[in-house]
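Here is a chain to work through in short questions and answers. Keep the sequence and the 3D view open as you read.

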Amino acid sequence: MQKLALVTGAKGGIGSAISEKLVRDGFKVIATYFTGNHECARKWFDEKGFTSDQVTLFELDVTNSIECAERLALLLETHGTVDVLVNNAGITRDTSFKKMNATQWNDVINTNLNSLFNVTQPLFAAMCEKGGGRIINISSVNGLKGQFGQANYAAAKAGMIGFSKSLAFEGARSGVTVNVVAPGYTGTPMVQAMRQDVLDAIVDTVPMKRLATPEEIAKAVAYLASDDAAYITGETLSVNGGLYMQ
Ligand code: CAA
């Protein structure tokens, strides 16, 4: 039977590469997009030539716990369970901490960290009851090493790792694995929005001297989603070209 994967932030750089890879691996993908972004999500769906057997577009504000509980309960009524959950939705609001305001802090914590509660909580029990599942949380090299101008983002991305290790304990007996992929600087609109001189200086510090491609991140996610990774849980897989070695 075709397995079901839910990917949040699925039309962004890394999210779309993950969705496309999972479709190629035979999953049906529920691709969530932020409220109001339907046109953009539909354009991606049409450009990729997906069929409705491959991808379902699903509007979801991952910062809204009530909406997530209601919409994901309906999803479970239709599908029974989700086999693979990829918590990928994320934003940046980079600024030095002296200048950071509460909105920049809260927006990043809500979207990048509180979303893990909002999206995972409604799905986790059903995964355990079914006796198997995969949860893959997309963190960042900067959640591991910190970064000037990213106190909010690094806090959220580091928090994802503690969350994942804790949930890994709770899912282990039921065969539900919970892992993290920590990408380095990747060729996505988020990274391309950085000041070019700052980005060039960072790339120069990467031992491989280049950005990751979104597809390279997607392959790591697909591995953790596969049957081959059944005994890996609570782990953080870095895909960062050597930028930070734990
Ligand atoms: N390292 C050291 N010092 C820095 C610095 C840095 N990276 N950036 C700025 N400074 C210094 C400035 O030179 C300045 O010093 P002076 O006061 O002596 O002039 C001081 O810090 C304050 O600088 P700014 O007022 O310019 O700081 P700012 O609030 O405008 O923000 C910043 C600076 C734009 C955030 C900059 O630090 C920056 O671009 N940092 C990198 C952020 C980054 O890596 N973002 C990644 C986005 S993509 C992503 O996040 C994906 C992923 O997972 C990897």
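Q: Which radius of gyration does the chain have, and what does a compact globule of 246 residues predict?
A: This is a predicted model. For 246 residues, a compact globule would have a radius of gyration near 18 Å. The chain agrees with that, at 17 Å.

Q: How many helices and strands does the chain have?
A: Helices and strands both occur in the secondary structure. The count is nine helices and seven strands.

Q: What share of the contacts with a separation of 6 or more joins residues 24 or more positions apart?
A: Take the contacts in the chain with a separation of 6 or more. Residues 24 or more positions apart account for 75%.

Q: Which element supplies the largest share of the largest nonpolar core?
A: The largest nonpolar core has 33 residues, and Ile18, Leu22, Val29, Val55 and Val181 have the most contacts inside it. Elements that each supply at least two of its residues include E1, H1, E2, H2 and H9. The largest share, seven residues, comes from H9.

Q: Which residues does Ile18 contact, leaving aside its neighbours within four places in sequence?
A: Ile18 is among the residues with the most contacts inside the largest core. Beyond its sequence neighbours within four places, its contacts are Val7, Val86, Asn88, Ile138, Ala218 and Val221.

Q: Is Thr32 buried or exposed?
A: Thr32 lies in strand E2. Beyond neighbours within four places, its contacts include Leu6, Val7, Phe58 and Leu60. Buried means under 20% relative accessible area. Thr32 has 1%, so Thr32 is buried.

Q: Is Glu20 buried or exposed?
A: Glu20 lies in helix H1. Leaving aside neighbours within four places, it is in contact with Trp44, Lys48 and Phe50. Its relative accessibility is 15%, so Glu20 counts as buried.

Q: How far apart do the centres of the positive and negative side chains lie?
A: The chain has 22 positive and 24 negative side chains. The centres of the two sets lie apart by 5 Å.

Definitions and conventions
Residues numbered from 1 in each chain as written. Predicted model: local features only at pLDDT ≥ 70, side-chain atom pairs only at ≥ 80, totals over all residues. Heavy atoms only, no water. Core = buried A, V, L, I, M, F, W, Y, C linked by side-chain atoms within 4.5 Å. Buried < 20%, exposed > 50% of the residue type's maximum accessible area, 1.4 Å probe, protein only. Helix = DSSP H or I, 4+ residues; strand = E, 2+ residues; numbered from the N terminus. Contact = heavy atoms within 4.5 Å. Rg over C-alpha atoms; globule rule 2.2 N^0.38 Å. Lys, Arg positive; Asp, Glu negative; His and termini not counted. Charge placed at Lys NZ, Arg CZ, Asp CG, Glu CD.
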